[in-house]
Amino acid sequence: FECVKTNIVGAMNLIDACIDQGVKKVVALSTDKASSPINLYGATKLASDKLFIASNSSYAGGHKTSFSVVRYGNVMGSRGSVIPFFMSAKDKGTLLITDERMTRFMISLDQGVDLVWNAFNDMIGGEIYVKKIPSMKVIDIARTIAPNAKHKIIGMRPGEKLHEEMISKEDSYSTYEYTRHYKILPQINEWSKDVKRIKDGKKVPEGFFYN
């Protein structure tokens, strides 16, 4: 219930408030879990993304607020991420690992902020910006933080992915590549073919995905 109220109803409230107050530009923060979601949290973030993108279409007489989205992976050191978890447990001698093959996208806080500023400077409205960032094996992170610790494999938890995804195959039809990021353009109103939104982007191949 809290996921729905925060990510979906909360997005609707924010969109309405920004339009009512004449806010010029809005950049919403998304997550890799919004791409091909397998749990409720990811599904609500996908719904949030869709709401922000669709809100660029004029309704009720039109408005002047532009909405875009930035999507990235785990912010290193943020609350709930794996690095603080391993740091807190490294002195116990054993680290819990879900699966030896598991990987996660990692981004620094500064990189996340830079992506938001880039979106503000570049956006027309309706774009989803996806940062090009490294992915890491969770077990390699554990070895780096606590080289001498033992590992206990506990298996993936319900609703968890072995490898996260940020761009799905279904998005490849309207995704463009740039030097440091990808841009998923909206398929509404033929905006995916709009040269002002595409700029110097290169169309990705059909069936492309980023995971």
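View 1. By the distance rule (a disulfide is a pair of cysteine sulfur atoms within 2.5 Å), the count of disulfides is zero. Cys18 is buried, with a relative accessible area of 10%, whereas Cys3 is partly exposed at 27%. Buried stands for under 20% relative accessible area, exposed for over 50%, and partly exposed for values in between, with a 1.4 Å probe and protein chains only. The model is predicted: local features need pLDDT of at least 70, side-chain atom pairs count only at pLDDT 80 or more, and totals for chains, interfaces and linings use all residues. Residues are numbered from 1 along each chain as its sequence is written, and side-chain values use heavy atoms, with hydrogens and water left out.

**View 2. The open sheet of six strands.** The strand order is β1-β2-β6-β10-β9-β11, and the pairing is mixed. Because β1 (25–31) and β11 (202–203) stand at the edges with a single partner strand each, one side of each has no neighbour in the sheet. Strand β9 (residues 175–177) pairs with β11 in the antiparallel sense over two bridges. Tyr176 is opposite Lys203 in β11. Two strands pair if DSSP finds at least two bridges between them; strands (E, at least two residues) and helices (H or I, at least four) are DSSP runs numbered from the N terminus. Strands of a sheet pair through backbone hydrogen bonds, either parallel or antiparallel.

**View 3. Strand β4 and its partner β8.** β4 and β8 run parallel and are joined by four bridges. Leu95 and Ile97 make up the covered face of β4, and Thr94 and Leu96 the uncovered one. The bridge partner of Leu96 in β8 is Lys152.

**View 4. The buried side of helix α5.** In α5 (residues 138–145), the buried residues are Val138, Ile139, Ile141, Ala142 and Ile145. They cover an arc of only 155° around the axis, so they lie on the same side of α5; the arc is that of the directions from the helix axis to the C-beta atoms. These buried residues pack against α3 (82–89), β4 (94–97), β5 (103–107), β7 (135–137) and β8 (150–153), where contact means heavy atoms within 4.5 Å.

**View 5. Aromatic pairs.** The structure holds six aromatic pairs. Rings of Phe, Tyr and Trp (its six-membered ring) pair if their centres lie within 6.5 Å; planes under 30 degrees apart count as stacked, over 60 as edge-to-face and the rest as tilted. Phe52 and Phe67 form a tilted pair, 6.1 Å centre to centre with 50° between the planes. This pair links distant parts of the chain, with Phe52 in helix α2 (residues 40–54) and Phe67 in strand β2 (residues 66–72), 15 residues apart. Both Phe52 and Phe67 are buried. Trp117 and Phe120 also form a tilted pair, with ring centres 6.1 Å apart and planes at 50°. Trp117 and Phe120 are three residues apart in helix α4 (residues 109–122), about one helical turn. Trp117 is exposed at 53% relative accessible area, and Phe120 is partly exposed at 25%.

**View 6. An aromatic cluster and charges over rings.** Phe105, Tyr182, Phe208 and Tyr210 form one aromatic cluster. Lys132 lies over the face of Tyr182, 5.1 Å from the ring centre. The charged end of Arg197 sits over the ring of Trp191, 4.2 Å from its centre. A charge sits over a ring if NZ of Lys or CZ of Arg is within 6 Å of the ring centre and within 35 degrees of the ring normal.
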